[in-house]
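User: Hi! I have a structure open and would like to go through its side chains with you. Can we take it step by step?
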Amino acid sequence: MKHLIASVFATAICCLAFAQNEWAVVNLSSNFMREDPDYAAENGDQALMGTVVKVLEKNSYWQKIQSPEPYTAWTTDMGLTYMTEEQKDAYIAAPKLICTADYTHILKEPNEKAARICDLVMGDLMLKTGKKHGKWSCVELPSGKSGWVKTCETADFAKWAATRELTGENIESMARKFIGVPYMWGGTSIKYVDCSGLSRSVFFMLGVLLPRNASQQVKVGEEVTREQARKGDLIFFGRSATEDKPERVTHVGIYLGDGNIIHSSLVVRENSINEGAENYYGGNILHFRRIIGHVDDGTGITSMLKSPYYFPQSK
């Protein structure tokens, strides 16, 4: 395994030249993706460590990338490790660990007092080295740096992805891990999320890939009525269509049943859509969409196992 990892990254780490449609892997715990190549530009998305992206364009140290969602935006080159097509394929096939803790760190040595290499957030991917020391596992970052993380804060990525169960109870349980996380436009991690970033992150941690934005998420799965809605469905808010203007989806939440939702609005919180409730959220409801039962059925929802960005697919 050591030689495989070395062969994958030896050239990539040293490669500074830019090539059209070059591949890269995100090397930061949660990498900002901005709408223009400028730190003052709007943040449109985040990409988690270990995510494979396409590099489309260069502007100084800014790189225009396309993430698996797909979402196209700009990020800085320090957060990327560049790869050829062959290196990208080898990276995808290599054994990995996924961070299952909300938040933790990779350390230089396998002990609590060791110096930090970087932070990790839920959903980050690291290469397995196979080395362990007590309660610690040695991992390798996309950059080639190696360090140690607590074994209990990770899981074997392939086994983890194969054992996810998309149920209403699991969706609610995962969504509740985000309670109290602050709202940030473009946020898609447990550090900070916007409304569609919350739904995408929750389903991501259950092995399911949703589109990035609410206006895209409303088009996947199955439409259900409010009376039919069940725990784990998505609920969409916005402007209803009129003779002069089309419908406009502006917000999405996760339905819990009995009129309760979890959503990111100022902060991730629980509200009720029942008028008169103490924590009533008065947005204009447009749609309920069911994701459960529609993964990999052609309605726009992909399981992580079927995504070529995360696992090798048969030709």
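User: Let's start with a cysteine. Is cysteine 99 buried or exposed?
Analyst: Good place to begin, and keep in mind that this is a predicted model. Cysteine 99 counts as buried, because its relative accessibility is 0%.

User: And how many disulfides does the structure hold?
Analyst: The count is zero disulfides. For cysteine 99, the nearest cysteine sulfur belongs to cysteine 118 and is 10 Å away. A disulfide needs the two sulfur atoms within 2.5 Å. Cysteine 118 is in no disulfide either, and at 17% relative accessibility cysteine 118 counts as buried.

User: OK, on to charges. How many salt bridges are there?
Analyst: The count comes to 15 salt bridges. One of them joins the side chains of glutamate 69 and arginine 200, with N and O 3.3 Å apart. Glutamate 69 is in the loop between strands E5 and E6, while arginine 200 is in helix H5, so this pair ties together parts that are 131 residues apart in sequence.

User: Are those two buried or exposed?
Analyst: Glutamate 69 and arginine 200 are both buried.

User: Which residue does lysine 191 pair with?
Analyst: Lysine 191 meets aspartate 119 in a salt bridge, at 2.8 Å from N to O. Lysine 191 sits in the loop between strands E15 and E16, and aspartate 119 in strand E10, so the pair ties together parts 72 residues apart in sequence. Lysine 191 counts as partly exposed, at 25% relative accessibility. Aspartate 119, with a relative accessible area of 17%, is buried.

User: What about arginine 212, what does it bridge to?
Analyst: Arginine 212 forms a salt bridge with aspartate 194, and their closest N and O atoms are 2.8 Å apart. The two residues are 18 apart, with arginine 212 in the loop between strand E17 and helix H6 and aspartate 194 in the loop between E16 and H5. Arginine 212 and aspartate 194 are buried.

User: Which residues are linked in a network of salt bridges?
Analyst: Glu172, Arg176, Lys231 and Glu270 are linked that way.

User: Back to H5. How many of its residues are buried?
Analyst: Ten of the ten, so H5 is largely enclosed by the rest of the structure. Among the buried residues of H5 are Cys195, Leu198 and Phe204. Aspartate 194 turns up here too: at the start of H5, one of its side-chain oxygens reaches to within 3.5 Å of the backbone nitrogen of serine 196.

User: What does serine 264 touch?
Analyst: Leaving out residues up to four places away in sequence, serine 264 touches Tyr183, Val193, Asp194, Cys195, Leu198 and His251. Serine 264 lies in strand E21 and is buried, with a relative accessible area of 1%. Its side chain reaches the backbone oxygen of valine 193 at 3.0 Å.

User: New topic, rings! How many aromatic pairs does a search find?
Analyst: A search of the whole structure finds ten aromatic pairs. In one of them, tyrosine 39 and tryptophan 62 have ring centres 4.9 Å apart and planes at 65°, so the pair is edge-to-face. Tyrosine 39 is in the loop between strands E2 and E3 and tryptophan 62 is in strand E5, so the pair ties together parts that are 23 residues apart in sequence. Tyrosine 39 is exposed, with a relative accessible area of 54%, whereas tryptophan 62 counts as buried at 5%.

User: Why is the pair of phenylalanine 157 and tyrosine 310 edge-to-face?
Analyst: The planes of phenylalanine 157 and tyrosine 310 are at 65°, so the pair is edge-to-face, with the ring centres 6.4 Å apart. The cut-off for edge-to-face is over 60 degrees. Phenylalanine 157 is in helix H3 and tyrosine 310 in the segment after strand E24, 153 residues apart. Phenylalanine 157 and tyrosine 310 are buried.

User: Which residues form one aromatic cluster?
Analyst: Phe157, Trp160, Phe204, Tyr310 and Phe311 form one cluster. Phe204 is also among the buried residues of H5.

User: Last one: where does the charged end of lysine 88 sit?
Analyst: The charged end of lysine 88 sits over the ring of tryptophan 23, 4.3 Å from its centre. Arginine 34 also has its charged end over a ring, that of phenylalanine 32, at 5.2 Å from the centre.

Terms used: Residues are numbered from 1 along each chain as its sequence is written. This is a predicted model: local features need pLDDT of at least 70, side-chain atom pairs count only at pLDDT 80 or more; totals for chains, interfaces and linings use all residues. Side-chain values use heavy atoms; hydrogens and water are left out. A salt bridge is a side-chain nitrogen of Lys or Arg within 4 Å of a carboxyl oxygen of Asp or Glu. Helices (H or I, at least four residues) and strands (E, at least two) are DSSP runs, numbered from the N terminus. Buried means under 20% relative accessible area, exposed over 50%, partly exposed in between (1.4 Å probe, protein chains only). Rings of Phe, Tyr and Trp (its six-membered ring) pair if their centres lie within 6.5 Å; planes under 30 degrees apart count as stacked, over 60 as edge-to-face and the rest as tilted. A charge sits over a ring if NZ of Lys or CZ of Arg is within 6 Å of the ring centre and within 35 degrees of the ring normal. A polar contact is a pair of N or O atoms within 3.5 Å; within protein, one must be able to donate a hydrogen and the other to accept it, and residues adjacent in sequence count only if both atoms are side-chain atoms. Contact means heavy atoms within 4.5 Å.
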